[in-house]
Amino acid sequence: MAPVPLEGHQTPVGNNVPQEGARGGSISLGVLIDFIVQRTYHELTVLAELLPRKTDIERKIEIYTFSARTRQLFVRLLALVKWANSASKVDKSAHIMAFLDKQSMLFVDTADMLARMSRDTLVQARLPNFHIPAAVEVLTTGTYSRLPSCIRERIVPPDPITPSERRATLHRLNQVIQHRLVTGNLLPQMRNLKIEAGRVTFHVEHEFEVSLTLMGEGPNIPWRLLDIDILVEDKETGDGKALVHPLQVQYVHQVVQARLVDNPNPLTEVYNCLHFFCQSLQLEVLYSQTQRLCRDRLDGHIHVDEYSPGKCLSISYWRELTSKDPRSELGYRLTVLVDTHDPARPLSVVHVPTLGNKVGLGTEENEIADRAIRSDLLSMERLLVHTIYVRTKSRLSDLKTELQTMLKDVDCQLQGSPAILSVAILQPCLRAESLLVTVDTHTGMLQCHVPQYDPPIMTELQSALNTDHTRLPTLISELRYWMTQRRCEMTLQHLPATPHEKLPLLFLADHPLS
């Protein structure tokens, strides 16, 4: 049985001692025969390609040289095959010599290792003195009283404070927080606060709610951020889910906490960071709602002209009116943006053209769209509806003023939601006989119709309303005559009379009337 080397101190022998069967190098006889056959075939192929190009004498010389060389090679192969009958004895001897060399190397390595252990390792391998007093105390009393006190301080938890001490501590902490808020600079936007249970909670409507506390009474102790709650919601496309992932809230928590250290106005920094984050989130919500409106219902009617994350969102509407009306060169747009002069303010809405006060429009109606962006329901569709409502009423109010100027005896009334301009063509005029003018909320183009009739002139009148207003008096006069004719026809239906467009006269073919 071969000796087993000591674990961890064995020197590998595979790199220095030749393995069994590998002494002197060897090759398989079948591989050798294959090589010789391939070489002979290759030389014969080359010879067959080159001989036709040479003379008769050169061909004979080449054939003789090839035959002699090949014969000599195969004679050597024959001798090798005959010798291979006794090669098993040589191979066995080689294996025996390799095994003996390996065993000799193992014995040498083992002797060297034992000598090194006796000189270096075993000199220091001595047992320490046994702790007799500790063993006696443990065996007699069952405990050990000589442990260091730091072990108790680090492992054994201290006794909890009593409920009265807890109430007194939180009350004192509330006083410290109140004093810090009174002596510090507090933004007007963060005046909605509540101090309770040793923490102060700031609530900014529709944006965020943040809780902070102090870890001591010193004036230089930084604020400690406890909790952040993002109040921005998307009730239309959010499916009731939170817009901010908990990992994102945790990252924002770490960023804000890092900025609270060594900051002269820490609460202002908290508001600026969270306010910017919430405004960017609100713009992102409005942008996603706009993309969904364009994809689902309003494709081609509205367009996102510009979107800069954290800065502004510009949307154009009434694009067909912009392309056809020469008076609307700038188009109709609304831009939701962050106030560059005062970033602490909420998002504001800028309208192009501006929504100025006009006759018949109250200040409250002009501010509907501005209030919509700050409501608890963040909705781009609602903002567009309110904006287009104000635009519609403004256009119809301008048209009402223009019609009253052109036609002195025409009574115009603007009412309803959506707004409808009712023009009394006849006097007296039934409600069903009035000319009703509305605005297409998608395109901004004016539309008109008479509920009781279907006048053939209505298409031309609608075209004049959207392009050339100078033709309106003539077209309205023609509409008045046409509606009067229809009144006469309806009146004669119950009388023994027949209405005709032309006089029913009979005359000869050569009469001048023909």
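Which residue in β4 does Leu212 stand opposite? The reply comes in point 2, after a word on the model.

1. This is a predicted model, in which local features need pLDDT of at least 70 and side-chain atom pairs count only at pLDDT 80 or more, while totals for chains, interfaces and linings use all residues. Residues are numbered from 1 along each chain as its sequence is written, and side-chain values use heavy atoms, with hydrogens and water left out.

2. An open sheet is built from four strands in the order β1-β2-β3-β4, with antiparallel pairing; strands are DSSP runs of E of at least two residues, helices runs of H or I of at least four, numbered from the N terminus, and two strands pair if DSSP finds at least two bridges between them. Strand β3 (residues 208-214) is joined to β4 by seven bridges, and Leu212 stands opposite Leu225 in β4.

3. Helix α8 (residues 266-296) packs on the sheet and touches β2 (199-204), β3 and β4, contact meaning heavy atoms within 4.5 Å.

4. The structure holds 13 salt bridges, each a side-chain nitrogen of Lys or Arg within 4 Å of a carboxyl oxygen of Asp or Glu. One of them pairs Arg69 with Glu43, with the closest N and O atoms 3.5 Å apart; this pair links distant parts of the chain, Arg69 lying in helix α2 (residues 56-83) and Glu43 in helix α1 (residues 29-50), 26 residues apart.

5. Lys60 forms a salt bridge with Asp56, the closest N and O atoms being 3.3 Å apart, and these residues, four apart in helix α2, are separated by about one helical turn.

How values were computed:
Axes are lines fitted to C-alpha atoms, for helices over the stretch in contact, and angles run from 0 to 180 degrees between N-to-C directions.
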